[in-house]
Amino acid sequence: MQVRIALVCVAMLGVQQAVAQTTAAGAAKSWPERPVRIVVPFPPGGSSDFAARILSNHLQKAIRQTIVIDNRGGAGGNIGSEIVAKAAPDGYTFLITAEGPITISPSLYQKLGYTPNRELVAITPVITYSNVVVVHPSMRAATMKDFLAFAKENPRKVTYAHAGIGTNVHLASELLKLMIKTDIVGVSYKGGGPAVASVVANETQVSLATAPSAIPHVNNNRLRALAVTTAKRSAVLPNLPTIAESGVPGYAVEGSVLLLAPIKTPPQIIARMYEESAKILRMPEVRDAVAVGGSEPGGATPAETQKLVRDESAMWDKLIKTLGVKLD
């Protein structure tokens, strides 16, 4: 009797799983049937918000549904990222974020409310970018070499703005401090937009800001750009030297803004989001808009993007250990 009951239970479980799979497949086929939410874990004005709005403007036409941008700034992007990691994997909640909460936070925070490699799946980069060293126009440093000389001559008298502890901007700045062997005082903000705004207002003197958040202010002469952080000059900012060219050999940092979903989101929906996003990122008008922001369009496949995340995570983990930085 017990064996028979056990067999019946196993059979019922199999039926339930089959029904669940059929239901999920049906839901994926008819997706989307209601508005889709894209969480941006930073305030408006930064690179993540920039990328999300460019993509969503075209994506909502492609999927024939409204896309709602939900800015949830705070904790270096961790709050908004956790919201998506814990969201139902039904194809109605996605994350667009600079890589910090995905590739940096797991190594930086001793207690993190989510585990990116277990709870989130990377779909594609929306944009890739260099960070740009920007200063207030009143600063006498006309070049990156001038700035480096000034910083070395005036330790702890220069303040730099960053988008939150553990973000790409923060660690890029700390790496520069380490390599030039001088102290520049960091000031934390809730995102790239507020950080750059502080330099525009001359509250802080410098930021290694993401290009999308900085270049509009450079174009309007509210900031002066000195250099890019990548190993090679940026294709969209060719007149700016690299930091390595400017006297810090070996310095190189670049970034990306990623599109992600909760890990168990149906593969059909992941595939559709990738296909539509890749088409959009190839549009001439989108490429032009991205270039104006000092960035390049993404569009790598999910497999390529997931490898990028693994490689970047390993790189940042090594730097964080070198710096000896750890947060609760």
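Modeller: Let us start with how α2 passes α11, which is in a right-handed crossing, bearing in mind that this is a predicted model.

Biologist: What angle and what axis distance describe the packing of helix α2 and helix α11?

Modeller: Two packed helices are described by the angle between their axes and by the distance between those axes. Here helix α2 (residues 47–63) and helix α11 (residues 284–292) pack at an angle of about 165°, and their axes lie 11 Å apart. Because angles over 145 degrees count as roughly antiparallel, α2 is roughly antiparallel to α11.

Biologist: Which residues in α2 meet which residues in α11?

Modeller: The general idea is that an α-helix has 3.6 residues a turn, so residues three or four places apart point the same way. In this case α2 contributes F50, I54 and H58, which meet E285, V286, A289 and V290 of α11.

Biologist: Turning to another helix, which residues of α8 are buried, and what covers them?

Modeller: Buried means under 20% relative accessible area. In helix α8 (residues 192–200), the buried residues are G192, G193, A195, V196, S198 and V199, and their cover includes the strands β4 (120–135), β5 (159–162) and β7 (206–210) together with helix α9 (211–219). Just after α8, the backbone at N202 takes a positive phi of about 65°.

Biologist: Is K111, in the loop between α4 and α5, buried or exposed?

Modeller: K111, found in the loop that runs between α4 (100–108) and α5 (116–119), has a relative accessible area of 70% and is therefore exposed. Leaving aside neighbours within four places in sequence, K111 is in contact with L327 and D328. K111 and L327 are 216 residues apart in sequence, yet their C-alpha atoms are 7.9 Å apart in space.

Biologist: How should I read the protein chain as a whole, and what is its radius of gyration?

Modeller: One reads the value against a compact globule of 328 residues, for which it would be near 20 Å; the protein chain has 22 Å, which agrees. Along its principal axes, the C-alpha trace spans about 85 × 45 × 30 Å. The secondary structure comes to 12 helices and 10 strands, and buried residues make up 51% of the 328 residues. Among contacts between residues at least 6 apart in sequence, 80% join residues at least 24 apart.

Methods:
Residues numbered from 1 in each chain as written. Predicted model: local features only at pLDDT ≥ 70, side-chain atom pairs only at ≥ 80, totals over all residues. Heavy atoms only, no water. Axes fitted to C-alpha atoms, helices over the stretch in contact; angles between N-to-C directions. Helix = DSSP H or I, 4+ residues; strand = E, 2+ residues; numbered from the N terminus. Parallel < 35°, antiparallel > 145°, perpendicular 65-115°, else oblique. Left-handed = near helix turned anticlockwise from the far one by under 90°. Contact = heavy atoms within 4.5 Å. Buried < 20%, exposed > 50% of the residue type's maximum accessible area, 1.4 Å probe, protein only. Rg over C-alpha atoms; globule rule 2.2 N^0.38 Å.
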